[in-house]
Every structure is written in structure tokens, then in C-alpha cells.
Amino acid sequence: MATNRKPKPVRKLAPAKRVQIVESSAASVFGPAAAGVQRALAWFGTWRGVRAPRDEIAGVLLLVLGVLGLLGLSGLAAGSWLRLLAQLLQVWMGAGALLLPASALGVGVALFARALGRRFRINWWRVIAAELGMAALLGLLHWRFALMETTVSLRVAVESGPLVDAALAGQGGGKVGWAMLTIAGLLAPEATGRLLGGFGVLMLVAASGLSLRHFFNVFIALQQRMLPVVVRAPEPQRAQTRKRKAPAAAAPPAAADVVKRFTVAPLSEAPAKLRKRDPILPSFELLDHSVPQQVSEAEINRKTAIIEKTLREFDVQATVIDYLSGPTVTQFAVQPGFVEKAGPDGVVRRQKVRIAQISGLANDLALTLAAGSLRIQAPVPGQSYVGIEVPNQQKSFVNLRGVMESVAFNRIESPLKIALGRDVSGAAVAADLGAMPHLLIAGTTGAGKSVCIAALITGLVMNNSPEDLRLVLVDPKRVELIRFNGLPHLLGRVEVELERIVGTLRWIVREMERRYKKFEEHRVRDLDGHNRKVKRRKEEYLPRIVVVIDELADLMMLAQDEVERNLARLAQMARATGIHLVVATQRPSTDILTGLIKANFPARISFSVASAVDSRVVLDSVGAEALLGQGDMLFLSPDAPAPVRLQGVYVSDAELEKVVEHWVTQSAEHAPAAVTKPAIEAEAPVKPAAGPEAPWDALLLQQASVADKDDLIAQAIAVVKKARAASASLLQRKLKLGYPRAARLMDELEEMGIIGREQSGGKTREVLLLDDDAPAGGRDDERD
């Protein structure tokens, strides 16, 4: 019966035995120091479960050789073996004796790092090139020593005994240097130094891994940086025409290898055919005309390469196909590419890169481009690419004159056309305030709201006389709009008192209602039809009225219900009467810009805001939080699908003063013709404390006179005026009051002089107020 024998196990070498074998072999070759290092290395290899490879042995050998050489040459350690090693290095290498131990240390560290699993590749051809380069340098040292020590020719000095003795003594370049000098002297007796120097530089360049392409790229980059920024002739700024070179099929260049792909053409804009202006209007010469700055070609190509490289690093295939350069930002047109993915059936299909992948890299692109803020428009309306808007290194301001002389501005056939600024392509943008018909402006402090309002008012008074346009300016901040005081277009003066501003809004509502009554009498539907009809009859001419409110938040905090009600009513009905609103606020929150106000202001401008929530409140979309400030804005037109980014126009204080001074001079010269009181409802003129009289001063005085009276005093005046009689029982029946309150109202009416004294026999009192008299604080619907 066969017995089951277990197979004899293979005897494995114990770890300690392996350590002893490696230790003994190392000790026989390198000595005790090397054996100790190798023992530690073998233990490390055993701990990791791998055998000590060949790279580790070679690395340790070179490390030990380099350390011993440095110790021997520096004299930090003593010993016969170290002195012998130092003498050998000095005899063979001369003054460059330290190069060999340093090279051994470098190669040893590289071998040891590769043995430890680091992904490191040693190019031995480059190592050999480095050694040949160092040998050539030693030859140069010996050649220099020969020139200093001898007076005979170089060939005689090389073959003479003193130069050989110097090499044996370790002077100059040692034996290696003497050998290299001898070879170079035989090859080029008259150019030995140049031959050794050129050969050494060539070998060191080869050892560094550089190629001719790197030198050419560095040369091109330096040449582009040295190119001056071209300043063009003073021409109106226009969209830059671009000339793109034929695209190559290869991958886009890296950020370090900037390739010239786009060329920047000179700025050009078709001159507008300016119409003949009325002599009374200010000349365009009063406004400044600045020279626009152009983005350099090197900056365009550099940012193009950085954008493409960053997208590739995140595995997003996209190409920059075009660019648009404006005064503040440059928009790069990025076209999404395709990616190949294998489906469940194994078939490889091409898929388009999603736009969300590009939009999600906004912060990464801003980091690589060193941009403080970056906006991605995905996609650009009407285009098949994504727009990445990068701030320019040098910001260019947009002047009012350049936009007013452009084709876009002169194409609008309206007296209320306004200059807004220039878009990302540098094209002028203008709009018609009469077609908006109202404008809402929002933005943080210092973003450019007040400058935009000043430019808007300046543009309106440049094209309209006081007979055609009147302004109502409200400035609770008392800083920006007071500069327009004295302008003949103003109704009264710039209102800064909050109590007067609420009364001003009431007067504007009453003026709107009065104009509708005029339209009903003349059977017309708008202001233009009314003025055409009354012009033939030489009757009352109604000018347009633009109401500008610089800060809405202050008014909403004072009387929110009344201000919101009046603004909503004006926004809904005032367009046909020629009354238009421009409202600005620096706090775009929902309690200030209520839904009722936003619904009646379809045209909006948003400057830089603090957060995306504020941007949604103003524009119903994000984007305004990424603006740069100082006039950088988003304009949402009533007929546009998305906001347009603009750089707003800038009007300096000197320009504004010139325009105001012109109109003040014209007002003094043509006082009877130019400064005519606007056709407004007749009020008893009450001159305010300072400045010209305002048409709402009488209304404010009447409201102040009934401020301490009963709340129903206005209704009581209307009742007695309609009945032509006054009694306490009449007020009780009409106003549904008790006898005590009705009796107090009768006493107040008597004090105000509206009714007469009490009659005997219980007769009704006489009403002293005539039909055509305006009741103090009366209702709007009781006006004549």
C-alpha cells in the first residue's frame, strides 16, 4: 500500500542570510563604510519584499566615491586612502578636481531615486556630453595656464617639459586638460582656445537637452515683448477687423510656445454723415476727443495660447477661432470641439463638448490668465461659439463725442437718443429713451452710475433746446446732479430735500393727467400728435419731460407706499404724454426694486454689483457680479434676448461745465425765445428759498397749509365746492361722519376762508371758493 509522502519543501534563503551575503560582497569591495550603507539598503529592500537591484549598487558606489572625493579634496578627513584619492583627482583633473566627485554624486542620486520607484529616466548620452564638456573646460584651463606661464608659441609650450611637469603636478587642467590642449593644438594651432570653447559650449548645450527650436522660440518671445505698443491716429474707435492665418491641423500651441495666429489691424470706423445742427445747440467742439488704445498683438496671441492650453489640461477640446477687442475687455470666441467615446456596443462615436464644461472652468481660466474677474457668455446670442471675456491690461475710456459722431447714434431718428458706450468689439452703442420708455440703473458705490447719468443728461441737452426738453433732477445725495443748476432746461432747481421730492412726484403725476385731458380735447393719442396740431393753431406747446432720480433707496425709506405708487403710475401711463423716467439706485434689493417697479422698467443697466443675487434682481440673470467697475456695465434692451456688455461713456467736469456755460449764455442772449416757461398747469407761483421757482412750489405750499388739519379736510373742501353750500349735516351725510368731527371740519374751513360765517336760523353757510380756484390740497380729479 502506497504511502502518501509530502513533497519536500524547497529551502528558501532566510532574509538574514541574504543580508549577510550582500554584506560580505559589499565589504570585500567598498570597505566597512560602504558595507554599512549597503546593509541598510538591503534591509530596506527586504522590508519592501524586493531584491537589491543593479541601480542601487551602482548608485551607492557613486555616492561613496563622490563623498570620499569631496572629503579628500576639502581636507575634512584624514587617511592614506583619502590622500591617495585626492592626489589622483588633482593630477588628472587639475583645478577642476571637484567636478568628478560632484558628477558622481549627481548620477548616484539619480540612480538611487530610480531604484526607489521614482519615475526618473537617465539619458546616458547627455551624461557623456556633459563629461566631454567638462574635459573641454579643463583644456581651456590648461590653455590659460600655458599663456600665463610661457612666452613661446603654444605648440612649443605644449611639447615642452615645463607644461607637462605642470600637468603632472596638478596645475591648470591636469593630465586631462593637457591631453585636450594637445589634441586641439594639433587640430587648430591658431585657434586652439576658440576650438576648445566652442566644443565645450556645444557639449554643455547638448547635455542640457535644449534644441534649436527652444532658442528660436525664446528669440521670438523676446522680440514680441520688445515691440512697442502702437498708438493710432485719433480716429473713432470701431470693431477691429481681424485677419486669421490658415489654421493648421496640428494641436494648438502650448502657453510657453506662443504662436502668432492673429494679427491686429488698425482701428477704423466709417465716418457718420452729421446733420446740420441748429446754431443754438452746443457744438461738438466743447467735448473732448481722446485717442483710443489698441490691444497689442502679442497680448492677443499669448492669451489665446493660455486659454487653449488650460482647456486641454482639463480634457476639454476647444479652439479659439476669433476675437473681439473692446476698450475694457477682449472677447475670445471659443468653438467647442469633439471627443471620441466608446458606446455600450464598442463602437467609437464623436460627441460634441458640452458648453457647461467650458463655463465651469471660469475660475481656472481666471487663475491662469491672472485676471481679477472673468466672464463667460455661453453661448453668444446669434453665434455658434462661446465668448470668454478677459480684461485688457490697459483700460481705455470712451468719450461722449466719439459715440455721438458715430453712425449708430446718428441713425436714430429721435430727439431723446442717448449715447451709452462701446461694446466688446469697440462699436458704438446708442439707444432711444423715448422707445424704452423708462430706464432703471443699478450698481454699487463707485461703479459708474452717477457718471452714466451725467453723460446721459449731457447728451440730451446737446441735442435739445429748452423749448423741446425739460428736466426734473432729483439728487438726495446732494453731490452729483447739483452741477446742472442754472441749466435753462431745468424745471426749478435740482431737488435735494426728501420732503420736497415726494411733492415733486405728486406734481409730475398731476401734470401727466393734465396732458391726457389736453389730448382728449384735441382728439390726439400722443405728444407728437398734440404738438403738430397746436403748432398750426399756435396754441400751447408741450415739451418733453425727463425725470432723473439719482438715488431711489432714500425715497423708498421715507415714503415707500407713495413713492412706489407714483412711480408705477408714471411708468405705466406717462410714455404717451412725453414724460420719461431715469431711476438709479446703489442698493438693488427686492425691498427697493419691487416687482411693481421692475415690471414697468423693461430697459435696465447694471454696473458692478456685490453678488449674483443682486444681479438677478436687476437683470433677472447673473453676470453683473463679474464686471470690473469704472463704467463697465451690462445693458438690457427691451427688445434684446440677453444683456450686452458695454464700457459706458465718460464726461469730465470740464466738458460738463462748458456745456452748462453755453446754455447759460444762450439763455441770457435769447431770454424771450429760448427760456420760455413750459406749458404746465397754472399754479400760484411761490418762489423757494434759493434758486428759480419750480412749478410744484405752490403745491408744496398748499400741502404744508393743510398738514396740521384734519385728514378729511381735502374731501370736505371738494364736497362744499360741489354743493355750493356748507353745513355740518351735509358733511355728516357725504363723508359718513359724526357730528363732533363734522363741526370741527366746519370750523377749519372757516379758518381757511373757504366758507363764510355761521348764519342765523340754521341756514347753510356761504361758500367763498370760486369754481376756478384751486383748492388747498385738493384731489387730482377735482382740478380744472
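Tyr-516 is partly exposed, with a relative accessible area of 28%; the class covers values between buried (under 20% relative accessible area) and exposed (over 50%), computed with a 1.4 Å probe on protein chains only. The model is predicted, so local features need pLDDT of at least 70 and side-chain atom pairs count only at pLDDT 80 or more, while totals for chains, interfaces and linings use all residues. Residues are numbered from 1 along each chain as its sequence is written, and side-chain values use heavy atoms, with hydrogens and water left out.

**Overall make-up**

- The protein chain has 28 helices and 18 strands; helices (H or I, at least four residues) and strands (E, at least two) are DSSP runs numbered from the N terminus.
- Of the 784 residues in the protein chain, 46% are buried.
- Among contacts in the protein chain with a separation of 6 or more, 66% are between residues 24 or more positions apart; contact means heavy atoms within 4.5 Å.

**Aromatic pairs**

- Two aromatic pairs are present in the structure. Rings of Phe, Tyr and Trp (its six-membered ring) pair if their centres lie within 6.5 Å, and planes under 30 degrees apart count as stacked, over 60 as edge-to-face and the rest as tilted.
- Phe-397 and Tyr-650 form a tilted pair, because their ring centres are 5.8 Å apart and their planes stand at 45°.
- This pair links distant parts of the chain, 253 residues apart: Phe-397 is in the loop between β8 (386-391) and β9 (398-399), and Tyr-650 is in strand β18 (residues 644-650).
- Phe-397 is partly exposed at 47% relative accessible area, and Tyr-650 is partly exposed at 39%.
- Tyr-516 and Phe-519 form an edge-to-face pair, because their ring centres are 6.1 Å apart and their planes stand at 80°.
- Both Tyr-516 and Phe-519 belong to helix α18, where they are three residues apart, about one turn of the helix.
- Phe-519 is buried, with 3% relative accessibility.

**Packing of helix α18**

- Helix α18 (residues 498-522) packs against helix α19 (residues 527-537) at an angle of about 60°, and their axes are 10 Å apart. Axes are lines fitted to C-alpha atoms, for helices over the stretch in contact, and angles run from 0 to 180 degrees between N-to-C directions.
- That angle makes α18 oblique to α19; angles under 35 degrees count as roughly parallel, over 145 as roughly antiparallel, 65 to 115 as roughly perpendicular and the rest as oblique.
- The α18 and α19 crossing is left-handed, meaning that the near helix is turned anticlockwise from the far one by less than a right angle.
- From α18, Arg-515, Lys-518, Phe-519 and His-522 meet Leu-527, His-530, Lys-533, Val-534 and Arg-537 of α19.
- The contact of α18 with α19 has three nonpolar, two polar and four charged residues. Ala, Val, Leu, Ile, Met, Phe, Trp, Tyr, Cys and Pro count as nonpolar, Asp, Glu, Lys and Arg as charged, and the others, Gly among them, as polar.
- With helix α20 (residues 552-573), α18 packs at an angle of about 15°, with the axes 10 Å apart. That makes α18 roughly parallel to α20.
- α18 also passes α20 in a left-handed crossing.
- Residues in the contact of α18 with α20 include Val-502, Leu-505, Val-509 and Tyr-516 of α18, and Leu-555, Leu-558, Val-563 and Leu-567 of α20.
- By class, the contact of α18 with α20 has 14 nonpolar residues, one polar and six charged.

**Buried loop residues**

- Gly-578 lies in the loop between α20 and β15 (579-585) and is buried at 4% relative accessible area.
- Leaving out residues up to four places away in sequence, Gly-578 touches Leu-527, Arg-544 and Ile-545.
- Ser-465, in the loop between α17 (449-463) and β13 (469-474), is buried at 13% relative accessible area.

**Backbone exceptions**

- Most residues other than glycine have a negative phi, and most peptide bonds are trans.
- The peptide bond from Ala-378 to Pro-379 is cis, with omega near -10°.
- Met-436 and Pro-437 are joined by a cis peptide bond with omega about 0°.
- Ala-370 is not a glycine but has a positive phi of about 55°, and it is exposed at 71% relative accessible area.
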